[in-house]
Amino acid sequence: MDLHADSPNFGMKKRKQDEQDALVSDHGNSMSVGESSGSGDPCKSLTSTSLSSKNSNGSDSDISCHDDDEDMIDDDDDDQFDNLPPGIEASVPWLKDIASSECKPAVAHVPSESSSKEKIDEPTDTVMQKFRQFKSFDTVDSFPDHHYDHHYDKEGASVSEAQRPKNWAKKIQDEWKILEENLPETIFVRVCESKMELLRAVIIGPQGTPYHDGLFFFDCLFPSSYPTGPPKVHYHSGGLRLNPNLYQCGKVCLSLLGTWHGKNSENWIPDKSTMLQVLVSIQALILNEKPFFNEPGYANAYLGEEGQRRSKDYNDNTFILSLKTMMYALRKPPKHFEDFVAGHFRQRGVDILKACKSYAEGGPVGSVLHNAAAPNNRSISASGKNQKEFQSTVSRMMNTLVAFFSKNGCSNCEEYRSLEIYNLSAAATANLEVFKIESSGTTTLTQV
């Protein structure tokens with residue numbers, strides 16, 4: 001499978017592109033799509049939200065983006081971005097709507113190069129300076145912070161040096177070198193000098209997909225079985241299920257990781273497979289243009305117009321969840337990625353809002369690309385209740401994004417504020433303090 005066929009502006013340097021194409025080709029299509037309904041796996045619990053149509057498991061469900069989605073940030077709240085039980089979305093009582101006069105940014109407005117209408121002395125902007133200087137690969141002293149520790153910190157610490165193979169440390173150093181020299185421009189990695197077994201990565205969602213412009217964080221571990229066995233990877237989901245291969249509990253379903261069955265060439269091959277292949281496979285094969293078909297058997301079960309309709313509904317729902325992950329990342333950026341998160345959303349904030357505006361007006365998700373042509377034959381045209389509900393949801397969520405991006409210092413966001421929500425009375429918005437999740441119309445999960 002061509003790593004870049006579904007993402008025209010994948011962002012890789014030309015000199016590295018052929019190398020990246022080869023990374024997964026040796027493993028064939030290493031994408032794992034190993035979910036089946038009713039298996040009892042705790043990772044396969046209820047999705048946080050889904051469009052009012054058949055979801056990826058065939059059950060009827062509703063997406064209900066409550067008015068709380070348009071509310072603003074409370075800096076004093078200490079809710080965590082992750083470490084949530086399966087099926088429970090992150091608690092966000094800090095999404096409190098405020099009057100328009102309070103939606104002014106808390107820091108100086110600094111436009112991005114691609115989306116600003118104004119020119120500001122950019123060298124004076126510390127946030128963007130740090131963002132531009134952020135290395136694609138670097139070493140850090142440790143991972144723990146007051147938000148959440150590295151997912152594998154305790155597991156790695158419980159293994160003694162004697163339990164590890166003789167070539168374990170050298171192989172990891174080789175991995176570091178491969179990552180430092182070959183990472184694509186849309187993947188960033190931090191490794192730990194004092195705990196070589198730990199690694200943290202962020203992957204930028206590819207353009208042309210429902211994940212575009214989003215940030216997706218993964219904690220990785222080189223276990224004592226490495227390099228004979230594959231590394232372990234945990235996805236920081238925030239309690240959201242936005243891909244058949246990325247579970248709410250953090251499981252990443254990929255044959256290369258041994259978490260889904262695959263052909264011999266698709267599995268981990270000692271002394272040949274690399275962490276770089278794992279990360280590139282996640283970006284290209286999991287975060288793809290039509291994730292609905294990642295589900296086993298769906299490509300054959302849902303053909304023609306029916307399959308495209310279901311795929312479009314899944315993309316719509318996925319984009320809503322991706323917007324929420326953006327807000328979670330801004331609220332609680334993972335350790336050592338604070339500068340990157342701030343700069344990324346300051347640079348791309350207006351582009352994200354432009355895309356939201358297009359989708360709220362009926363454009364297909366993924367069709368708005370930055371400096372690139374939209375892919376052909378993306379989906380069938382849609383109409384009816386699902387489409388109208390999605391458009392309304394995106395429109396209302398834009399107000400939340402305006403608040404977040406403005407607070408983060410992104411310029412020219414206010415023009416994208418929805419008047420429908422903008423004109424709500426202070427009395428009406430004062431009660432919007434809790435983010436409620438309705439799952440499949442059977443269970444209501446409310447975090448206070």
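**Chat on a predicted fold**

Trainee: What share of contacts between residues at least 6 apart in sequence join residues at least 24 apart?
Mentor: In the protein chain, 73% of those contacts do. Keep in mind that this is a predicted model.

Trainee: How many helices and strands are there?
Mentor: The protein chain has eleven helices and nine strands.

Trainee: And how much of the chain is buried?
Mentor: 56% of the 448 residues count as buried. The chain exposes about 18,100 Å². Carbon and sulfur atoms supply 48% of that area.

Trainee: Switching to the sheet. What is the strand order?
Mentor: Five strands make an open sheet, ordered S3-S4-S5-S6-S7, with mixed pairing. S3 (137–140) and S7 (232–235) are the edge strands, since each pairs on one side only. From one strand to the next, the twist averages 25°.

Trainee: How do S6 and S7 run, parallel or antiparallel?
Mentor: Antiparallel, with four bridges joining S6 (residues 215–221) to S7.

Trainee: Which strands does H5 lie across?
Mentor: Helix H5 (residues 275–286) lies across S4 (187–192), S5 (198–204), S6 and S7. H5 runs at about 30° to S5.

Trainee: Is H9 mostly covered or mostly uncovered?
Mentor: Mostly covered: 18 of the 23 residues of H9 are buried.

Trainee: What follows H9?
Mentor: Gly-409 follows H9, and its phi is positive, near 100°.

Terms used
Residues are numbered from 1 along each chain as its sequence is written. This is a predicted model: local features need pLDDT of at least 70, side-chain atom pairs count only at pLDDT 80 or more; totals for chains, interfaces and linings use all residues. Side-chain values use heavy atoms; hydrogens and water are left out. Helices (H or I, at least four residues) and strands (E, at least two) are DSSP runs, numbered from the N terminus. Buried means under 20% relative accessible area, exposed over 50%, partly exposed in between (1.4 Å probe, protein chains only). Contact means heavy atoms within 4.5 Å. Accessible areas come from the Shrake-Rupley method with a 1.4 Å probe; for residues, only the protein chains shown count as cover. Two strands pair if DSSP finds at least two bridges between them. Axes are lines fitted to C-alpha atoms, for helices over the stretch in contact, and angles run from 0 to 180 degrees between N-to-C directions.
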